[in-house]
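Have the model open alongside as you read.

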Amino acid sequence: MDVINELILTAVTSPWLYVVMFAVAVIDGFFPPVPSETVLVAAAAVAVSTGGSNLPLLVVVAALGAAIGDNLAYLIGRGVGTTRFAWMRRPRIAEGFDRAGRALGHRGAPLILGARYIPVGRVVVNMTAGALHYPWRRFVPLSLIGGATWAAYSALIGIVAGKLFADQPLLSSVIGVAVALVLGLVVDRVTAARRRRRERSAATAARGAEEDAEADARSVLVPVGE
């Protein structure tokens, strides 16, 4: 354990940490398997435990990388659309693009900001925004805000874990990452539940409107004498 702790301390105090953090944050913007949240949470936890790195600088680097990654996803969507490749046409992916496209029309800002916390969701939303030519002058500030709040949120998880286990940087990073994964899962499930409720409400309203229209049509067709 002491050897592993020493390796983590060396990595965190290395100037390469900021380069790695920036790179993974950028790539994660359009390739979600890269775990930028994991890197940031773990690095923040170890930084608090040891004081070996500049935590504010780490957050700024992560935020800028995240914003750049989101804009790259936007530009990819604008350049290739959402149907060019086979994986984009898979039922679940295609359904996600379709939902994102419908939602961008009437609540673009909350959708873009909220999607930043869902790894696959942010890629789908940002690529759809580009494909549908959502105004870039609106997207850029939203991506900056989203990147900043995401970086602060992820670092906060690491800070709490690092303070609770100040003498065990490895343990603090593991616990911080686990908490981040659980919170991410909760956010994903809550978002999905809200979406299903909205879809049910919309379907119910549509059925009600259709029934009212049919009733009006029948009343018009009823003979006057009846």
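Which residue follows α4, and what is its phi? That residue is glycine 81, with a positive phi near 75 degrees.

## Ground rules

This is a predicted model, where local features need pLDDT of at least 70 and side-chain atom pairs count only at pLDDT 80 or more, while totals for chains, interfaces and linings use all residues. Residues are numbered from 1 along each chain as its sequence is written, and side-chain values use heavy atoms, leaving out hydrogens and water.

## The helix itself

Helix α4 covers residues 55–80, 26 residues in total (helices are DSSP runs of H or I, at least four residues, numbered from the N terminus). From first C-alpha to last it reaches 37 Å, close to the 38 Å expected at 1.5 Å a residue (1.5 Å times one less than the number of residues).

At the start of α4, a side-chain oxygen of asparagine 54 comes to within 3.1 Å of the backbone nitrogen of leucine 57.

## Packing against α2

The axes of α2 (residues 16–28) and α4 come within 7 Å and cross at roughly 30 degrees (axes are lines fitted to C-alpha atoms over the stretch in contact, with angles from 0 to 180 degrees between N-to-C directions). The two helices are therefore roughly parallel (angles under 35 degrees; over 145 is roughly antiparallel).

## Packing against α3

Helix α3 (residues 36–50) packs on α4 at about 170 degrees, with the axes 10 Å apart. That makes α3 roughly antiparallel to α4. Leu40, Ala43, Ala44, Ala47 and Val48 of α3 meet Leu55, Leu58 and Ala62 of α4 (heavy atoms within 4.5 Å).

Conventions:
Polar contact = N/O pair within 3.5 Å; in protein donor to acceptor, adjacent residues only side chain to side chain. Parallel < 35°, antiparallel > 145°, perpendicular 65-115°, else oblique.
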